[in-house]
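Me: I have a chain open here and want a quick walk through it. Can we start with the overall layout and then go to details?

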Amino acid sequence: MRRSCVRLLTGPLNQTGARGLCSSKSGGGGGGNEKIVASVLFERLPVVVPKIDPVVYAFQEFSGKGDYQMDYVPAPRITEADKTNDKRSLQRALDRRLYLLIHGTAYGSPNGKPTWHFPEKIYESEETLRKCAESALQSVIGDLSQTYFVGNAPMGHMILNPTESSQDVQPLKRFFFKSQVIATNKFDIGRCDDFVWVTKDELLEYFPDQAEFLNKMVIS
């Protein structure tokens, strides 16, 4: 496994991400030769309201009885994708936030083995890290017209340093940007072996080593 240094960002950075970084000289991470990677937390917001608390529901039922009461049959909250546990569908967990993970070779993967990760791209000649993040997401879903990037600054960052078993891996500074799904329930996901849309609880199961960091950064 690789040692990591993580921090949520609360202040602005400059274009190269030089301010507010967590630095470390252990494991080869302090030589200033780190690769900078922009990762995208691509989020689908809830599309139905959470279930009503039983006490509130009982009060509404009581209040509705009398001269006026509207009768209707609501659409089912449990979809076919929920029943089959189809994690490739956006039509599941409608009252929860979902996050996109893709499977394939990620920057910094031990021995270059495919792994689950967020859409990402190494920062090269882009004007800003935000532009790099947009390019990362675009390479996976294509058109960005049905997405919304939340803010210009990253929401958090993580520094990954080599260990004794992975000295050939260059240190990485991974910056996380948030983007949200707008007015669609399907994307043509490409440039990966597989993909899933997962809730926060499911997301943490994919990254047990970074669970504490992600639990603070990701909204339920």
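This is a predicted model: local features need pLDDT of at least 70, side-chain atom pairs count only at pLDDT 80 or more; totals for chains, interfaces and linings use all residues.

Me: In what pattern do they follow along the sequence?

Reply: The order is β-β-α-α-β-β-β-α-β-β-β-β-α-α.

Me: How much of the chain is buried?

Reply: Of its 220 residues, 43% count as buried. The accessible surface of the chain is about 12700 Å², with 51% of that belonging to carbon and sulfur atoms.

Me: Now L100. Where does it sit, and is it buried or exposed?

Reply: L100 is in strand β3, residues 98–105. It counts as buried because its relative accessibility is 0%.

Me: What is L100 in contact with, beyond its neighbours within four places in sequence?

Reply: F42, F118, P119, V140, I189, F195, V196 and W197.

Me: Switching to rings. How many aromatic pairs are there?

Reply: A search of the whole structure gives seven. One of them is F42 with W197, a tilted pair at 5.7 Å centre to centre and 50° between the planes. F42 is in strand β2 and W197 in strand β9, so the pair ties together parts 155 residues apart in sequence. Both residues are buried.

Me: And what about W116 and Y206?

Reply: Their ring centres are 5.4 Å apart and the planes are at 75°, so that pair is edge-to-face. W116 belongs to strand β4 and Y206 to helix α4, 90 residues apart. W116 is partly exposed at 21% relative accessibility, and Y206 is partly exposed at 25%.

Me: Which rings are linked into a cluster?

Reply: F118, F176, F207 and F213, through ring pairs.

Conventions: Residues are numbered from 1 along each chain as its sequence is written. Side-chain values use heavy atoms; hydrogens and water are left out. Helices (H or I, at least four residues) and strands (E, at least two) are DSSP runs, numbered from the N terminus. Buried means under 20% relative accessible area, exposed over 50%, partly exposed in between (1.4 Å probe, protein chains only). Accessible areas come from the Shrake-Rupley method with a 1.4 Å probe; for residues, only the protein chains shown count as cover. Contact means heavy atoms within 4.5 Å. Rings of Phe, Tyr and Trp (its six-membered ring) pair if their centres lie within 6.5 Å; planes under 30 degrees apart count as stacked, over 60 as edge-to-face and the rest as tilted.
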